[in-house]
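The sequence and structure are shown below.

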Amino acid sequence: MNPKKRVLLIGLEPTLVDFTAFPGLDAPKVLAALQADQERLNSLGYESQLCLIDLGETAESVVLDQLKQKRFDCIVMGAGVRTVPSHFILFERLINVLHQHAPQAKLCFNTKPSDTAEAVQRWV
């Protein structure tokens with residue numbers, strides 16, 4: 001039997017996000033979508049783990065702690081980290097943590113919480 005592929009899902013803690021630029025979204029809706037995507041990945045046979053980070057104070061250490069606990073086959077960096085211009089430096093710092101501590105992992109990117117499984121399936 002093949003072991004399940006491990007996927008780390010990195011995203012911003014929804015309660016820290018300013019949703020004024022995202023009408024119709026709020027922290028509970030985003031968290032529910034993230035959890036639903038995690039459940040979907042698990043139902044597709046992956047072992048997925050959600051890693052919610054802050055806006056930079058501890059984000060690198062939180063991700064690094066996850067990388068030290070398990071070897072991941074794929075890492076998804078959420079759109080909230082990647083696409084908001086004010087998070088550019090955070091995104092850059094996290095990519096370098098991943099590059100240094102998980103060079104074997106495929107990196108993939110979703111466009112919204114509900115298309116994470118498709119992003120993972122492109123690479124794993």
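Which residue of β4 is the bridge partner of M77?

## Strand pairing

The model is predicted. In it, M77 has F109 of β4 as its bridge partner. The pairing of strand β3 (residues 74–77) with β4 is parallel and consists of 4 bridges.

These strands belong to an open sheet of 4 strands, paired in parallel and ordered β2-β1-β3-β4. At the edges are β2 and β4 (106–109), each of which pairs on one side only. From one strand to the next, the twist averages 20°.

## Helices on the sheet

Helix α4 (residues 88–101) lies across β1, β2, β3 and β4. Its direction makes an angle of about 175° with β3.

Helix α5 lies across β1, β3 and β4. Relative to β4, α5 runs at about 145°.

## Packing of α1 and α5

Helix α1 (residues 27–43) packs with helix α5 (residues 116–123) at an angle of about 40°, and their axes are 9 Å apart. Angles under 35 degrees would count as roughly parallel; α1 and α5 are therefore oblique to each other.

On the α1 side, the contact is made by D37, R40 and L41. T116, A117, E118 and V120 make it on the α5 side. Sorted by class, the residues in this contact are 3 nonpolar, 1 polar and 3 charged.

## The largest pocket

How much space lies in the largest pocket? The volume is about 510 Å³. The lining of this pocket has 31 residues, and the closest to the pocket centre are V30, A79, G80, V81 and P113.

Several elements contribute to the lining: β1 (6–12), α1, β2 (47–53) and α3 (79–82) each supply at least two residues. Strand β1 gives the largest share, 4 residues. Which classes do the lining residues fall into? There are 19 nonpolar, 9 polar and 3 charged residues in the lining.

Technical notes
Residues numbered from 1 in each chain as written. Predicted model: local features only at pLDDT ≥ 70, side-chain atom pairs only at ≥ 80, totals over all residues. Heavy atoms only, no water. Axes fitted to C-alpha atoms, helices over the stretch in contact; angles between N-to-C directions. Parallel < 35°, antiparallel > 145°, perpendicular 65-115°, else oblique. Contact = heavy atoms within 4.5 Å. Nonpolar A, V, L, I, M, F, W, Y, C, P; charged D, E, K, R; others polar. 1 Å grid on protein atoms, 1.4 Å probe; cavity = no way out; pocket = protein on both sides within 12 Å on 5 of 7 lines; lining within 4 Å. Points joined across faces, edges and corners; volume = space filled by probe spheres on them. Pairing = 2+ DSSP bridges.
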